Amino acid sequence: QAGRFRQHTQFGVEAIGDDDPLLDAEVIYLLRAFYDEVGLADYTLEINSIGDPECRPAYLETLKAYYADKLDLVDEDCRERFDKNPLRLLDCKSERCQPVIAHAPVIADHLCRPCRDHFERVQRYLERLQIQFSLNPRLVRGLDYYARTVFEFQPRIEGAQSTIGAGGRYDGLIELLGGKHTPGVGFGCGLERTIINAKRQEVSIPELSKPLLYVAHLGDGTVDAALAVLRMAREAGIPALIGTGERSLKAQMRHADATGVRFVAIIGERELADGTVNLRDLANAAQEAVPRDELLSRLAETG
């Protein structure tokens, strides 16, 4: 299926140790901000609450009672889910099962007061953050350690396996793994599906900016000075690299050229002694000795 491979790559965010619904909204905001920064458009955010161990068991009994005399109307997978994982009955994509799902009891009507309050606050915070969303009462998770908020980002023009990023609250996971009760909320973002949608929408992904400065060093005691120059450049917002390993100066210069930098600041024993760097401009092969405390201003002038 489109976007569904035998192996997938994802990045994720986990916020552990707090059950504040504000954190749910923050995690959702972060993933949406990523899609906006990439340049994706025309996607939707769906959210739901699946309750917690206090209120979900009673809902599952209600759900099973509803399905009990309808098992001949659903497919074989859903008949297995009825016994093994009844909550997953709600997110079945089979057309045969849709009429049964359409009239199934809604979990939002069976939330306990704490879960209902939590979900209402999540929605209020998303609204304050001006994040558009829709409620999907069929959005669930099949693992018991999930609780309360679940969410998915969906492109409008994909099929059943269209989710580009999804997450939720997993307050029972760490306890299940042997730790003490520790709430958590996070997401996973599928990179292949994000790329597929970026290509479909003809999004132009900007190239990563190349480092501007390479700090080369050679001789006893020069590493500390090179590190000081590296830190100074980075703190000033200048992308910088440093030579590593036991490379000769010639090898470091080849490495600098391969990385695409424009400037190389060379620190040898002589430069170490007089507080300078030998600044080489790879664009025109010009080279001059520059006092270390004037390096940033010189880069600003020539860059």
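**Close-up 1. Pairing of strands S7 and S9 in the predicted model.** Strand S7 (residues 213-217) runs parallel to strand S9 (residues 263-267), and five bridges join the two. Leu213 has Phe263 as its bridge partner in S9. This view, like those that follow, comes from a predicted model.

**Close-up 2. The open sheet around S7 and S9.** The sheet is open and has five strands, ordered S8-S7-S9-S10-S11, with mixed pairing. Strand S8 (240-242) and strand S11 (286-291) are the edge strands, each pairing on one side only. From one strand to the next, the twist averages 25°. Helix H9 (residues 249-259) packs on the sheet and touches S7, S8, S9 and strand S10 (276-281). The direction of H9 makes about 170° with that of S7.

**Close-up 3. The largest nonpolar core.** This core has 26 residues, and Ile50, Tyr67, Leu87 and Leu90 have the most contacts inside it. Helix H2 (56-67), helix H3 (76-84) and helix H4 (98-102) are the elements that give two or more residues to the core. H2 gives the most, with four residues. In soluble globular proteins, nonpolar side chains tend to be buried together.

Close-up 4. Neighbours within four places in sequence are left aside here. Ile50 is in contact with residues including Arg56, Leu87, Ile107, Leu111 and Leu139. Other contacts of Ile50 include Val140, Tyr146, Ala147 and Val150. Another core, of 24 residues, lies apart from the largest one; among its members are Leu45, Val122, Val185 and Ala198.

**Close-up 5. Cysteines without disulfides.** The structure holds zero disulfides. Cys97 is buried, with a relative accessible area of 0%. Cys112 is likewise in no disulfide, and the nearest cysteine sulfur, in Cys115, is 3.6 Å away.

**Close-up 6. Asp18 and its surroundings.** Asp18 sits in the loop between strand S1 (10-16) and helix H1 (21-38). Asp18 is partly exposed, with a relative accessible area of 35%. A polar atom of the Asp18 side chain lies 2.9 Å from the backbone nitrogen of Asp20. Not counting residues up to four places away in sequence, Asp18 touches Leu23, Arg169 and Pro183. Asp18 and Pro183 are 165 residues apart in sequence, yet their C-alpha atoms are 5.6 Å apart in space.

Definitions and conventions. Residues are numbered from 1 along each chain as its sequence is written. This is a predicted model: local features need pLDDT of at least 70, side-chain atom pairs count only at pLDDT 80 or more; totals for chains, interfaces and linings use all residues. Side-chain values use heavy atoms; hydrogens and water are left out. Two strands pair if DSSP finds at least two bridges between them. Axes are lines fitted to C-alpha atoms, for helices over the stretch in contact, and angles run from 0 to 180 degrees between N-to-C directions. Contact means heavy atoms within 4.5 Å. A nonpolar core is a set of buried Ala, Val, Leu, Ile, Met, Phe, Trp, Tyr and Cys residues joined through side-chain atoms within 4.5 Å. Buried means under 20% relative accessible area, exposed over 50%, partly exposed in between (1.4 Å probe, protein chains only). A disulfide is a pair of cysteine sulfur atoms within 2.5 Å. A polar contact is a pair of N or O atoms within 3.5 Å; within protein, one must be able to donate a hydrogen and the other to accept it, and residues adjacent in sequence count only if both atoms are side-chain atoms.
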